[in-house]
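Have the viewer open and follow along.

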Amino acid sequence: MAPEVERVREKIENMIFPSDPKKRIRQGGETGLLIEAFEMFTKASSSLETAYSQLQAKAQELTEELEAKNLELEKSLREKEEAQNFLHNILERLPCGVLVLDDRGDLTLCNPMAAEVLTKSGKHRRPYLNSGVRSYLASSVARSGSKREVEIPLKRGKKQKILATSGAPLTDAGGDQVGTLHIIRDITEMKALQEQNKRVERLSAMGEMAVELAHEIRNPLGSVELFASLLEKEVSGDLKRWAENIRIGSRSLNNIVSNMLHFANPLSPAFAEVDIHRIIQDVLAFTHPIMNQRKVRILKQLKADQPVLCADSELIKQMMLNLIMNAMNAMPSEGSLLVQTKNIKQEHDSGRGLEVKIQDSGIGIPPENLNRIFDPFFTTNKKGTGLGLSVVHRIVEQHSGTIRVSSEINHGTTFIISFGTRPSEPEKSRSTKESMHG
Ligand SMILES: Nc1ncnc2c1ncn2[C@@H]1O[C@H](COP(=O)(O)OP(=O)(O)OP(=O)(O)O)[C@@H](O)[C@H]1O
Ligand SMILES: [Mg+2]
């Protein structure tokens, strides 16, 4: 029994059974009633006590249950946080852009990749969706499960970007649409590669056609040149000049066609004894009128006493023509052209070699272009094909020769080609490039 209850009981007993006998007599008849009341009170208090201890047990049980629930809640919160981090990491590192728009079309989520492609450089460095982009995004949302990719052209400063996007509607638990999800990829480079591929395909088809066409053109061109030169001898005055122009025009056309043919379909050289001095004279005679027009002084130093090569005369002529035409193009008004030959002692050969130098006083080649001039299609001339030097390189290679170039801006360019006078089997050419001040 609880001590408070015990104390109350003792007090009541003292009242009912006082130690003083006079009091006991006075109270007499009420005693029974009081005992009864006391018993009822005792019963009530003991049932109260039981209820109290039951209540305490229940409270203990509930506290334990609450603690367990708290632990569970903490665990699920931790798990939720981990899942959120995991998703966040995926979104951060995804190699494509992810966007979420709410039902009004406003941006609610944008991962870094999407931010990068949608952020304008400049002051306001925030992902920005203009009305055009919004309508592209809206049209990319596939409603009936069919996948749809829409291309978005984007202007970023001077650059043009192309994005590809596909989207899907986002719904809430009740199935109502609450926004849209979009995946964005930057396909600018892929598009450029596709375009390049198409271009290469078109070019190669055109190349095949060009080779056929070149064969067809060469013969009539040769006749035009021949008849023009015959006419030139027969007439005088203006007529002679016109015939000369026709001859020069058809010859340079022929040269372009030959370069193209040689580049597209190089034939193996037909070796025979070739006098390089005769070839140089021929080429200079052909270019003479143009040199005259441009006031270019020609200096011929044909010093080789053994000018005969074992070579393909057509190819060597083509080589000289390409080099001299380049020199001429580098001197639009005034200048001087040196063409020099000399025999040289060759280290790897018991015989003597031949060196041809073509030096102009023209515009020169910038150092950053020196490594590219032999590449096919590299040209700085509006009317050039960029095939001239690549064909020269190939011809030198076919004759086991070497070619060197040195150049200085606004001072001129020098090409030096060396051949063995009796070339053996063609071997790989050794071409070196050096600068006059290098
Ligand atoms: N003597 C030179 N002086 C200055 N630049 C030169 C000279 N020779 C070649 N180059 C540079 O090298 C480039 C490539 O020459 P290449 O002969 O291959 O083509 P091209 O002359 O431009 O065209 P094409 O020969 O078809 O008329 C030229 O466009 C020019 O920039
Ligand atoms: Mg050229």
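**Entry 1: the overall fold.** Before counting, I took helices as DSSP runs of H or I with at least four residues, and strands as runs of E with at least two, numbered from the N terminus. On that basis I get eleven helices and 13 strands for the chain. I kept in mind that this is a predicted model. I also looked up burial and found that 20% of the 438 residues are buried. Among contacts with a separation of 6 or more, 64% join residues 24 or more positions apart.

**Entry 2: confidence.** The mean pLDDT of the chain is 85, and 87% of its residues reach 70 or more. Residues 424–438 fall below 50, and I note that this stretch has 30 contacts in the model beyond near neighbours in sequence. Where pLDDT is low, predicted coordinates should not be read in detail.

**Entry 3: around the ligand.** Which residues are closest to ligand 1? I find A330, T379, G384, T385 and G388 as the closest of the 23 residues that surround ligand 1. Sorted by class, the shell has eight nonpolar, 14 polar and one charged residues. Helices α9 (313–329) and α11 (388–398) each supply at least two residues of this shell. The biggest giver is α9, with four residues.

**Entry 4: the strands beside β5.** I followed β5 (residues 177–186) and found that β1 (residues 97–102) pairs with β5 in the antiparallel sense over six bridges. Strand β4 (residues 159–171) also pairs with β5 in the antiparallel sense, over nine bridges. Strands β4 and β5 form a hairpin with five residues between them, and G175 in the turn has a positive phi of about 90°.

**Entry 5: two positive phi values.** F377 has a phi near 70° and sits in the loop between α10 (367–370) and α11. N410 has a positive phi of about 65°, and its place is the loop between β11 (402–408) and β12 (412–420).

Are these two buried or exposed? F377 is exposed, because it has 11 other C-beta atoms within 10 Å and the cut-off for exposed is 12 or fewer. N410 has 8 C-beta neighbours inside 10 Å, so N410 counts as exposed too.

Key: Residues numbered from 1 in each chain as written. Chains lettered and ligands numbered in written order. Predicted model: local features only at pLDDT ≥ 70, side-chain atom pairs only at ≥ 80, totals over all residues. Near = placed C-beta within 6 Å. Nonpolar A, V, L, I, M, F, W, Y, C, P; charged D, E, K, R; others polar. Pairing = 2+ DSSP bridges. Contact = placed C-beta atoms within 7 Å. pLDDT = per-residue confidence, 0-100.
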